[in-house]
Amino acid sequence: MQDKNNIVNWLGYGGLVPFVGLTILGWVNTFPQEIITKLIINYAAIILSFVGALHWGMAMTLSGITPNERHSLYVWSVIPALIAWACLSLPHSYALGLLIATFLYHLIKDFQLSHSHQALLPSWYLTLRVRLTIVVSISLLTTLLRSEEHTSELQSPMYLVCRLL
């Protein structure tokens, strides 16, 4: 069973590379914070859409769920994509906060699904989802804190004076 999960682990953890890499770049002063923040928001929006689509796949393939459960899975599966899309137009601090909240809420939805249909999901699924969500949330929170720090620097009187000169 380990060999079958190897590709899942490589892809799952590999998907964290842009989150971690961009977070690190955000702390290097030679990179414009505005660009780094936008890149991480864009990538997070794409990944959040993908994560939502997992529930669409489950709705199509899981046997042993009621029609109402299947309907709920379909409905929920598109909500993360809609939220992600909205985040692309929000101010960065709101977008990052909403992305964090949605990733965490989606994990709660995964736990609810697993609790009611544990035998229907792969045994590795929740463990992987928890690990990935933790890293993504920390990355987004770190970016939010750095972005807020950068914003307050830009609004400082010293920066205003420098811009006027």
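A residue is called buried when its relative accessible area is under 20%, exposed when it is over 50%, and partly exposed in between (1.4 Å probe, protein chains only). This tour applies that term to a predicted model, in which local features need pLDDT of at least 70, side-chain atom pairs count only at pLDDT 80 or more, and totals for chains, interfaces and linings use all residues. Residues are numbered from 1 along each chain as its sequence is written, and side-chain values use heavy atoms, with hydrogens and water left out.

**The whole chain**

Begin with the entire protein displayed as a cartoon. The protein contains 7 helices and 0 strands, where helices (H or I, at least four residues) and strands (E, at least two) are DSSP runs numbered from the N terminus. Of its 165 residues, 35% are buried. Among contacts (heavy atoms within 4.5 Å) with a separation of 6 or more, 72% join residues 24 or more positions apart.

**Confidence**

Next, colour the model by pLDDT, the predictor's confidence in each residue, from 0 to 100. The mean for the protein is 87, and 85% of its residues reach 70 or more. Select H4, where confidence is highest at a mean of 95, and then helix H7 (residues 157–164), where it is lowest at 48. Over residues 159–165 pLDDT stays under 50, and the model has 2 contacts beyond four places in sequence for this stretch.

**The nonpolar cores**

Now select Phe-19, Leu-99, Phe-103 and Leu-140, which touch the most other members of the largest nonpolar core, a set of 22 residues. A nonpolar core is a set of buried Ala, Val, Leu, Ile, Met, Phe, Trp, Tyr and Cys residues joined through side-chain atoms within 4.5 Å. Helix H2 (17–26), H3, H4, H5 and H6 each give two or more residues to this core, and H3 provides the largest share, with 7 residues. Centre the view on Leu-140: beyond four places in sequence, Leu-140 touches Phe-19, Ile-40, Ala-44, Leu-96, Leu-99, Ile-100 and Phe-103.

**Arg-129**

Move to helix H6 and select Arg-129. Is Arg-129 buried or exposed? Arg-129 counts as buried because its relative accessibility is 6%. Leaving aside neighbours within four places in sequence, Arg-129 is in contact with Val-51, Leu-54, Phe-103, His-106, Leu-107 and Asp-110. Leu-107 is 22 residues from Arg-129 in sequence, and their C-alpha atoms are 7.1 Å apart.

Finally, display the pockets. On a 1 Å grid over the protein atoms alone, a pocket is an open set of points where a 1.4 Å probe fits, with protein on both sides within 12 Å along at least five of seven lines; lining residues have an atom within 4 Å of a point. Volume is the space filled by probe spheres set on the points, which are joined across faces, edges and corners.

The largest pocket holds about 470 Å³ of space. Select Gly-12, Phe-50, Leu-54, Leu-128 and Leu-132, the closest to its centre of the 21 lining residues. Helix H1 (2–14), helix H3 (33–61) and helix H6 (125–154) each give two or more residues to this lining.

The second largest pocket has a volume of about 160 Å³. Its lining includes His-55, Glu-69, Trp-76, Lys-109 and His-117. Helix H4 (67–87) and helix H5 (92–116) each supply at least two of the lining residues.
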